[in-house]
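Q: Can you walk me through this structure? I'd like to start with how the chains meet.

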Amino acid sequence: MIEVSSFGDMLQKGSFKVHSRFEHVTNFVADLDSADLVSLVDDVVGPGPFNIVVNHQNLEHVESLFIDVKGFNLAKLRYDFEPSKRYDSFINMAPLKAGTKFYRNLINLEESITEYAHPKSLAFLLDEEREKPFKGAFEKEFVTRIKKGIKLLFGSDPNLGIKILRGLGFGLTPSGDDFIAGFFIAKHLMGSEVHSFFREALGKNPLSNSFLKSAEQGRANEELKKLIHSLFEGDKKHVKEISEKFMNHGATSGADMLTGLVISLKEMFCENKRHH
Amino acid sequence: MKIKGIIKKGEYFDSVTLMRVAQKVSNLSGVVDSAIIMGTKENLSILEHAGLNLPEFADVSASDLLIAISGESDKTLSQAFAEVEKELTASRKKTLSPSGTNSKTASSINSALNILPDANLALISVAGRFAGDEAMKALEMGLHVMIFSDNVSIEKEIELKKFAHAKGLLVMGPDSGTAIINGVPLAFANVVNRGEIGIVAASGTGLQEVSCIISNEGAGISQAIGTGGRDVKKDVGGIMFIDAMKALDADPDTKVILLVSKPPHEEVLKKIEAEASKIRKPIVTVFLGAAKTTKKTVHNLITTTTLEEAALTAVEISKGGSGSKISAKLSKIDSELEKMAKKITERALNKSAKKRRYVRGLFSGGTFCTEAQLILSQHVKDIYSNAPTGKTLKLENSLESKKHTLVDLGEDEFTVGRPHPMIDFTLRVKRIEEEAQDPETSVILLDVVLGYGSNMDPSRELEKVVKEASKKVAVVCSITGTNLDPQGRKKIEDALQTAGATVVSTNRRASLLASYIAKELI
């Protein structure tokens with residue numbers, strides 16, 4: 001018997017089939033080209049725009065689910081959405097003005113990433129020493145391409161930068177896609193639009209597409225919202241604790257996304273300074 | 001060079017798994033390069049650049065997993081792909097049934113409660129920065145909590161304990177290394193008899209020592225609640241110490257209550273005494289370093305000054321006595337220890353070597369180090385420690401002994417990045433060698449703590465170094481443990497004695513013996 005403790009506010013109606021299964025997550029998609037994802041997660045992952053938080057992951061026999069306005073059907077059982085359990089994923093804040101505290105915490109976040117991130121994450125973009133584990137022709141070329149994409153993104157041709165980063169790298173959601181998600185969140189925090197970039201960023205990966213879609217709309221899972229909140233309100237210790245917890249989940253995606261967020265915000269702050 | 005590739009459709013793995021597998025493959029002899037990535041256009045472009053793109057990859061989709069390996073021979077590639085399959089299959093099994101029908105693993109407190117719905121205690125042992133939040137989750141679900149983790153802030157500790165107190169729950173810890181609840185040893189703990197003596201301890205090895213002495217004397221433990229060392233400090237205010245006293249008062253199986261700690265803050269001590277005055281059961285206290293008060297402020301409170309005295313007093317009371325015979329018993333033991341010291345000094349040490357006169361204590365239990373300092377300071381001067389108490393002076397460099405030196409090897413400077421000295425004897429063995437080489441050392445004093453969580457074969461690790469050291473100095477060991485412990489107390493005792501150590505049954509006796517030896521050499 002499943003108990004639902006939360007459901008996301010970007011869930012779409014329709015039929016979904018199992019896409020992938022992990023220890024804490026079972027992903028369902030409508031079709032491979034879409035950005036319509038439903039993730040049944042446990043409380044280790046927690047609430048998110050596409051997440052339904054359930055009390056266990058014994059779902060190996062479940063192949064599909066169906067969502068309508070009032071709830072969902074799973075393995076012949078019916079679960080209604082209770083309005084009080086709806087998770088609000090929107091990162092609700094006014095456009096960012098770089099206060100000292102926020103900027104200091106951004107540096108704290110950067111330190112946390114370089115200290116704690118997986119060796120093969122994008123943290124090498126913040127600390128050159130971390131390039132050392134990338135060996136072999138494939139990995140070295142990956143590093144070169146990522147750097148090139150980022151240079152273009154914040155330089156002469158952002159759209160081309162997005163095209164280079166999209167789908168690039170390791171994991172089910174490639175590193176480049178996670179970086180772009182961080183970029184979109186940064187843009188949202190700065191009050192800037194990202195629609196044109198979003199079209200370039202979409203690929204054939206439904207998981208990436210859904211994360212990018214939520215990031216484009218300024219929406220995030222609960223852990224990321226808490227982390228962003230800590231940048232405004234927290235101290236160094238708090239930022240470290242939350243960011244390490246965030247990087248513990250989702251393999252390298254967390255660290256890659258945060259790297260994208262940090263680099264993007266720093267670039268945007270510099271850009272703002274130049275214009276003022 | 002040979003290149004081979006395969007496509008896995010509809011199979012998904014997280015990036016860490018794929019990187020780990022790729023790393024393993026890269027380390028295989030004969031493998032030149034490898035890539036395990038999703039078949040996105042961009043990744044195909046890199047494969048092309050790296051010389052790993054293959055014709056069969058032409059029609060892949062972004063959802064396909066590609067595995068491309070280059071190596072010296074077909075045989076190398078076969079082995080490499082076999083390794084990939086093996087690793088991915090193992091990962092898949094773990095993903096699909098991390099808590100499958102026969103598995104008892106859980107990934108969160110919630111999922112743990114699904115497996116054990118009747119559980120009412122959570123033992124938390126995660127990195128300190130996460131432990132506080134996990135403890136709060138458990139408390140919110142109505143569980144008592146034992147926090148084995150250290151590095152939890154004092155603010156968090158206070159928050160947790162206030163919350164728990166309001167809900168009628170216990171929080172043991174943080175940094176609570178040991179407890180015995182309903183006869184079940186938790187974390188570092190010994191297998192002891194069940195009985196009528198309930199313990200509240202703000203000291204892990206203190207709890208272990210008294211519970212073992214009690215059991216070895218034929219009595220037993222009802223409950224042993226460890227509160228963590230900070231609980232009796234001013235900031236925390238003894239919240240859990242007091243609640244634990246109340247719990248033991250209400251426990252029908254507990255007839256005698258034993259309180260163990262370093263001296264509580266004076267405000268906390270008043271609270272403890274106030275609570276004790278409401279309890280009808282006899283209470284024995286040992287607050288190491290506090291003066292023994294002859295004035296009875298609370299009618300049923302008996303104060304003692306050492307762990308052994310406290311344990312033996314509790315045993316006597318549990319057997320119907322008053323505790324008054326213990327002083328005489330200990331005096332008799334002490335006389336025997338003095339005689340033993342004379343024999344050791346004559347037999348083992350060359351008295352003409354005037355330089356050999358100092359005690360060097362190397363402790364895995366902080367409380368034992370404290371108790372040893374208090375005992376030694378009654379007999380000799382010039383005592384140094386990295387964790388000083390009372391008259392003991394602070395050791396400037398924890399790695400270099402000075403005159404009489406008692407070292408707590410469980411302090412941070414020794415344990416950062418390595419296991420606790422109760423588990424890993426590496427540092428202690430090295431230090432024993434060094435101290436034995438020092439011409440000023442006369443006695444090496446050691447505690448050996450048995451039980452769950454501790455080193456499973458202490459005699460094997462210590463025999464050789466004790467044997468070598470005892471050719472030059474006296475080696476005195478105490479053993480904290482019972483014959484029911486997994487290591488077997490008698491077996492360890494015999495092995496250390498055979499190696500040349502003088503083994504006694506309590507830290508008090510070992511410290512006193514070392515003190516008498518040192519006095520003989522003055």
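What follows is a short chat about the interface and then about chain A.

A: One note before we start. This is a predicted model, where local features need pLDDT of at least 70, side-chain atom pairs count only at pLDDT 80 or more, and totals for chains, interfaces and linings use all residues. Residues are numbered from 1 along each chain as its sequence is written, chains are lettered from A and ligands numbered from 1 in the order in which they are written, and side-chain values use heavy atoms, with hydrogens and water left out.

Q: How many residues of chain B are in contact with chain A?

A: 38 residues of chain B touch 42 residues of chain A. Contact means heavy atoms within 4.5 Å.

Q: And how much area do the two chains bury?

A: About 3600 Å², with 58% of it on carbon and sulfur atoms. Buried area is the accessible area (1.4 Å probe) lost when two parts are put together, summed over both.

Q: Which three residues of chain B supply more than any other three?

A: B:Tyr12, B:Met19 and B:Ile46. They supply 18% of the area that chain B buries against chain A.

Q: How many salt bridges cross the interface?

A: Two. The rule wants a side-chain nitrogen of Lys or Arg within 4 Å of a carboxyl oxygen of Asp or Glu. B:Asp133 forms a salt bridge with A:Lys245, with the closest N and O atoms 4.0 Å apart.

Q: New topic. How many helices and strands does chain A have?

A: Nine helices and nine strands. These are DSSP runs: helices (H or I) of at least four residues, strands (E) of at least two, numbered from the N terminus.
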